[in-house]
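Work through the exercises below with the structure in view. Each task is followed by a solution in steps.

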Amino acid sequence: MVWAGIMINGRTRLHVVANGTMTGQRYIDEVLLPHVRLFRGAVGDKFVLMDDNATCYRTHAVQDCLDSEGIERLVWPARSPDLNPIENV
């Protein structure tokens, strides 16, 4: 499994999720803090995070981390094929 971030004029490096499955805490430690926080800092206040509504992204710990970092999450329906940009990458 891998994670990557994309935006109009940039992208992150691929992050390989090795040795186990993605959990909420692992998502915070390996993705949000080292990657998403930097993107948010580069973009500024207009940054909005869009994820695929995976269960591990919806934990209270993840939401607390997003709130503490000032990261807004785009609200959209789970499993929506119309709103999944990674399918086009």
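Contact means heavy atoms within 4.5 Å. Helices (H or I, at least four residues) and strands (E, at least two) are DSSP runs, numbered from the N terminus. The model is predicted: local features need pLDDT of at least 70, side-chain atom pairs count only at pLDDT 80 or more, and totals for chains, interfaces and linings use all residues. Residues are numbered from 1 along each chain as its sequence is written, and side-chain values use heavy atoms, with hydrogens and water left out.

**Exercise 1.** Find which residues of H2 are buried and what they pack against.

Solution. Buried means under 20% relative accessible area, exposed over 50%, partly exposed in between (1.4 Å probe, protein chains only). By this rule Val62, Cys65 and Leu66 are the buried residues of H2. Seen down the helix axis, they fall within an arc of 95° (taken from the directions from the axis to the C-beta atoms), so they line one face of H2. They pack against H1, E5 and strand E6 (72-73). The face turned away carries the exposed residues His60, Asp64, Asp67 and Ser68. Just after H2, Gly70 has a positive phi of about 70°.

**Exercise 2.** Compare the span of H1 with that of a straight helix.

Solution. The expected span is 1.5 Å times one less than the number of residues. H1 (residues 24-43) has 20 residues, and a straight helix would reach 28 Å, but the end C-alpha atoms of H1 are only 24 Å apart. Next, look for a bend, the angle between axes fitted to the seven residues ending at a residue and the seven starting there. A kink of about 50° lies at Leu32, shortly before Pro34.
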